Number of protein chains: 2
Amino acid sequence: MLRHDYPGQICSIAKALEVIGERWSLLIVRDVMGGRRRFDDLQKGLGIARNVLSTRLQRLVEEDLLERRPYQESPPRYEYFLTEKGLDLWPSLIALLGWGDRHTPYPDGPPMVIVHKECGGQVSDRGICERCGNLLHARDARALPGPGAEALALAAQQSE
Amino acid sequence: MLRHDYPGQICSIAKALEVIGERWSLLIVRDVMGGRRRFDDLQKGLGIARNVLSTRLQRLVEEDLLERRPYQESPPRYEYFLTEKGLDLWPSLIALLGWGDRHTPYPDGPPMVIVHKECGGQVSDRGICERCGNLLHARDARALPGPGAEALALAAQQSE
DNA sequence: CCGAGTCAGTTGCTTCGTGCAACCCAATGT
DNA sequence: ACATTGGGTTGCACGAAGCAACTGACTCGG
């Protein structure tokens, strides 16, 4: 992505994309939301080039979506945590997840489903629990492997 | 964006981003949803390079998000319409719009608000009408200039 | 005491996507 | 007759992304 801004656009969608529209950015946020917090862990999980991951993390920290916290000194090692601003991307992520599930489906069903922590109900792409009907936020839900997950994990193992 | 795929990612978010994660793609969808249908109109509105717009439109047609329909022959001229798959990006777009509004706000308020056609109520970032409480879809809603629109339109005029 | 491994990057090189400007062609306006 | 519009295509320069190698401080096993 040459420049990451969209000059002249008067629209909050364009503003949002200036921050999270770069390649990999949203997937990094997704992974951190799922509990990956360390450089190598993110790099291996995403298959992203290390230099690119480095610049993306820096930018996400600058933009206040991630917070970089040391978890040990000498040698200094860091973990990345989502800020409120980063966590607030949850509705956008599950909307995209829903769209992907509907239109480019995996053969054995979705590899990931979102469930309401409290009641265990499945969460729709609008972030509404289909069992209890509540409107949820990031902290109310959890991602679990879906029906399509096993076959794919197997295929990934075999290709190694 | 170098390659538009994310190899090895078992996730519908990654699948979705393979299709609409490229720079400009989502803004093109937004503009077509707002009624811009022709090449020059899109090009001027977005300030995108013509060759890039050309390749993006081709890809969006290939991926079945847009449909290219002739509206006259000799010379052949085309308009671009959203398919159901394209229209179904609406929840993702308003989720991003909501995030942008909350976290990178314009000084005079949002430049665009979404309203329920039927009752005129404002639509939340989950696509729920705040007046009648209904869960809405793309066709139920309309984008209108918001409180921050006038000042910005004025500024845009002056910079010309 | 020595070598292998881990973690979080940085550096250098190459390739490919992007922006910019110019060009094309048919039809229409004046 | 000439300029303008619409919908592109072509050529070039530049910078972002991918890949691989390297660094530097520490830990762990033998």
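Read along the sequence, chain A runs α-α-α-α-β-β-α-α-β-β-α. That gives seven helices and four strands. Helices (H or I, at least four residues) and strands (E, at least two) are DSSP runs, numbered from the N terminus. This is a predicted model, in which local features need pLDDT of at least 70, side-chain atom pairs count only at pLDDT 80 or more, and totals for chains, interfaces and linings use all residues. Residues are numbered from 1 along each chain as its sequence is written, while chains are lettered from A and ligands numbered from 1 in the order in which they are written.

**Chain A overall**

The C-alpha atoms of chain A fill a box of roughly 45 × 45 × 30 Å along the principal axes. Of its 160 residues, 36% are buried. A residue is buried if 20 or more other C-beta atoms, placed from the backbone, lie within 10 Å of its own, exposed if 12 or fewer, and partly exposed in between. Contacts are pairs of residues whose C-beta atoms, placed from the backbone, lie within 7 Å. Among contacts in chain A between residues at least 6 apart in sequence, 43% join residues at least 24 apart.

A:Val61 sits in helix H4 (residues 50-62) of chain A. It counts as partly exposed because it has 16 C-beta neighbours inside 10 Å. Leaving out residues up to four places away in sequence, A:Val61 touches A:Leu66, A:Glu67 and A:Arg68. A:Phe81 is 20 residues from A:Val61 in sequence and 9.4 Å away in space, C-alpha to C-alpha.

**A hairpin in chain B**

Strands S1 (residues 66-72) and S2 (residues 77-82) of chain B run antiparallel, joined by six bridges. Strands pair if DSSP finds at least two bridges between them. B:Leu66 stands opposite B:Leu82 in S2(B). Four residues lie between the strands of this hairpin, and B:Ser74 takes a positive phi near 40°.

**The two copies**

Chain A can be laid on chain B with an RMSD of 0.0 Å, by a turn of 180° and a shift of 0.0 Å along the axis. The two copies are thus related as by a two-fold rotation axis. The superposition is by least squares on the C-alpha atoms of residues with pLDDT of at least 70 in both.

In the interface, 42 residues of chain A contact 42 residues of chain B. Helices H1 (12-20), H2 (25-33), H6 (90-103) and H7 (149-158) of chain A each give two or more residues to this side. H6(A) gives the most, with 11 residues. The side of chain A that touches chain B divides into 24 nonpolar, nine polar and nine charged residues. Here Ala, Val, Leu, Ile, Met, Phe, Trp, Tyr, Cys and Pro count as nonpolar, Asp, Glu, Lys and Arg as charged, and the others, Gly among them, as polar. The copies meet through the same surface, because 100% of the interface residues of chain A are also interface residues in chain B.

| Helix pair | Angle | Axis distance |
|---|---|---|
| H1(A) and H6(B) | about 80° | 7 Å |
| H1(A) and H2(B) | roughly 170° | within 10 Å |

Axes are lines fitted to C-alpha atoms, for helices over the stretch in contact, and angles run from 0 to 180 degrees between N-to-C directions. H1(A) and H6(B) are therefore roughly perpendicular, whereas H1(A) is roughly antiparallel to H2(B). Angles under 35 degrees count as roughly parallel, over 145 as roughly antiparallel, 65 to 115 as roughly perpendicular and the rest as oblique.

Notes:
Two residues are in contact if their C-beta atoms, placed from the backbone, lie within 7 Å.
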